[in-house]
Amino acid sequence: MRVVRWPGALLMFIVMSVLAGLLVAVAVTPAVAVAGEGASGAAAFFEDLPSYLDVQTPQQVSTVYAKQGGQDVAIASFYAENRTIVAADAIAKTLQQAAIDTEDPRYYEEGGIDVIGTLRGAAATAVGGDVQGGSSITQQYVKNVLVQQCEQLTGKDAAATKAKVDACYQDAAGVTPQRKLQEMRYAIAVNKKYSKSQILTGYLNIVGLGGRVYGAEAGAEYYFGVHAKDLSLVQSATLVAILNNPSNLRIDQPDNKDNGSANGYAATKERRDYVLRRMLAHHSITKAQEQQAVATPVQPTITETANGCSAAATAHDAGYFCDYVRDQVLQDPAFGKTAAERIATLDTKGLQIHTSLDLDLQAQGQAALSAYVPTTMAGVDAGGSNVTVEPGTGRILSMVQNTTYTQSDSATAGSTAVNYSADSGYGNSGGFQTGSTYKVFTLAEWLASGHTLSQSVSTTEHTFQNSEFTNSCENVSGGTWPVSNAESVPASMTVQDATTESINTAFGAMAKQLDLCKIAQTAQAMGIHQADGTAPASNPASVLGTNTLSPIDLAEAYAGFANDGTVCTPTAIDSVTTADGTKITPTPATCTQGVSAQVAGTVDYTLQGVLNGNGTAASANPGDSTPKFAKTGTTDGDVQNWLVTSSTKYTNATWIGNVQGKVRLANWPFLQGTTGYSAKFGVGKAMMSYLDQHVGGDALPAPDPAMVGTPEHAKAAPGGGGTAATGGAGTAGGAAPAAPAAGADAPDAGTAPAPGSAAAAVAGAVAGAGSGH
């Protein structure tokens, strides 16, 4: 039996009662009107307590949107607390009344605090030695608001943040007379500032309902799969039951021995039935309604609100794009000065993030890639990605890969958290050697240095002395660089033909006449960096694509060539607003002039030949009228394989190769009768066919006649322009041509090269620091 110290308890009761009475008086009467000097002094004491409570918007779910058929579609959510704020008319009347009848029957008559409940709490405190409840709905709302403010605090590090939050919790919800008085003071002020409807709605939007579920709307959706406005009487009573003790009365743990499905969620049902009895006692429902509701079992229909990018992956094959969006938010100072602040912004501010993703194009990209590259393959860790960007803006329109997206660190076969399309800063990928797609930067520097497309270069040198090269950035003298071609070639070729057929030795000869440093600087000016963020290497072998790049980075550069030489950094976010309507302006894409418009136009003109005639990507040409250009790239043994295509309105980059290891893919069977070398043509053709129809493109920038050279070359686009015959297989629905026995960027099987031309295919090995055509 508890021993009560009556003198102390009685004193506590008297003090609490007097203070409670004072607060009641102030709640209903302005301080200046309280009669008597003593009362005025007490009122002054009360007025010294802080009265202003900053009622901020509580934590809410942030939602990521993409476009589908021109309409916004939610693809992912991020939250610390699963909460969606709704208006009073979006909350069922049964839920509102259940909360009032159970938690605060005198709600509409009181001035922010429940007088009877407060006195009862004071008496309980006196007898029990602890500060007891008696809190009104307004007081409960105040406490929840204060707790929310605590959860938004941050410190210099995790330990400092925890210390600040713990101290704040003690002030907001600690069991002390001082805190209780402050809560009452705030409640009175809130009651004067807001209507009863506003306070009740705020309360029902903020309360915890178990786990990460908060508020009426999220609670209704999570526990019953309905909106808050559609809750039944039984469901409303159940939610009010849960808010009484969320940890123990939640109904999403069916295996819980004390309160699970086996016993019909007995503890929750007991509290729910109490709620129903209170509603009957206050004449909110009839006896018949109460009896019918009590007879109804607790029947949850748990409907998860996925947290993170898993929902985007499941519904739209957009998990990797979603992850890119998250990384962009977490690295952008527009969302907070520190990483912790940016995480808090994403998880608590109810952001509406509208992205650049086109879900229709995304579906096409996934279908095209999956048709040729399986999720897993025996004997090789093969990967594939396809990414589409918009020239002139840097907007990422689609981003897919062959694996299943996972947020787990321990991925199963065929799944990974690594984004092959991005670099280490946005997807933890180390990038891949690009082969001959990198030749575009040598071509651009060649033209910028005063050379022409019609100029002939030697193709016969296969062992280059490093000392033959100029590099104003670093010393490359000493040693040799062996280079081979994938086919027999004439002793010399024009730069135009050497580009169309991607001849390694010709580009080695071109690089000898240039400054390797300036080639690397041209690449950097077009947005190129290695996947780890470092500058591209500028050794001789780098001319043929030994730098490890990401598909998004390479697409960015090619989009710059399609945009008169102006390159724009990639971005996945179009606009952002917070739950309260505040706009956040993300750091915009940066657009800079990488090469002159004359150089860019001439590069575009040159690369049209890659899709036509003897071009290395002729089999991927869909044969429509959209003007476009392309470049292929492979490394030794076709370990890595690339195809980049572009019109003025889209740039599409496809990579297929080894994620890890160096398995030679030249003859490795992939889907649709293709190989690791030729699969890119099937993917590329399917994508170009779709993009040309739905996105299209304008006339490509005109080449500079002086850079083209002879009048013969200026008459028409190389190989007959964008409508040349496709030549050979490689359709989206059928087999693409097989690769040559070794080497890369050889003419595709099915084309008909002229006898004795550079397109007379023979097997060859490409050597040189892992580079290839």
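Helix H15 (319–331), helix H22 (516–525), helix H23 (551–562) and strand E14 (566–568) each contribute at least two residues to the lining of the second largest pocket, where helices (H or I, at least four residues) and strands (E, at least two) are DSSP runs numbered from the N terminus. This is a predicted model, in which local features need pLDDT of at least 70 and side-chain atom pairs count only at pLDDT 80 or more, while totals for chains, interfaces and linings use all residues. Residues are numbered from 1 along each chain as its sequence is written, and side-chain values use heavy atoms, with hydrogens and water left out.

A pocket is, on a 1 Å grid over the protein atoms alone, an open set of points where a 1.4 Å probe fits, with protein on both sides within 12 Å along at least five of seven lines, and its lining residues have an atom within 4 Å of a point. The second largest pocket has a volume of about 430 Å³, a volume being the space filled by probe spheres set on the points, which are joined across faces, edges and corners. Its lining is made up of 26 residues, and Tyr324, Tyr426, Glu556, Thr569 and Pro570 are those that lie nearest its centre.

An open sheet of five strands has the order E2-E1-E3-E15-E16, with mixed pairing, two strands being paired if DSSP finds at least two bridges between them. Its edge strands are E2 (71–78) and E16 (583–584), each of which pairs on one side only. H15 packs on this sheet and touches E2, E3 and E15, its direction making about 135 degrees with that of E3; contact means heavy atoms within 4.5 Å, and angles run from 0 to 180 degrees between N-to-C directions, with axes fitted to C-alpha atoms, for helices over the stretch in contact. Helix H17 (residues 359–370) also packs on the sheet, touching E1, E2 and E3, and its direction makes about 50 degrees with that of E3.

Within this sheet, strand E1 (residues 62–68) runs parallel to strand E3 (residues 352–358), joined by four bridges, and Tyr65 has His354 as its bridge partner in E3. E3 is in turn joined by four bridges to strand E15 (residues 573–577), here in the antiparallel sense, with Ile353 partnered by Val576.

Another open sheet has five strands in the order E5-E4-E20-E19-E18, with antiparallel pairing. Strand E5 (396–401) and strand E18 (629–634) each have a single partner strand, so one side of each is left without a neighbour in the sheet.

The mean pLDDT of the chain is 85, and 80% of its residues reach 70 or more, pLDDT being the predictor's confidence in each residue, from 0 to 100. Over residues 719–772, however, pLDDT stays under 50. Where pLDDT is low, the predicted coordinates should not be read in detail.
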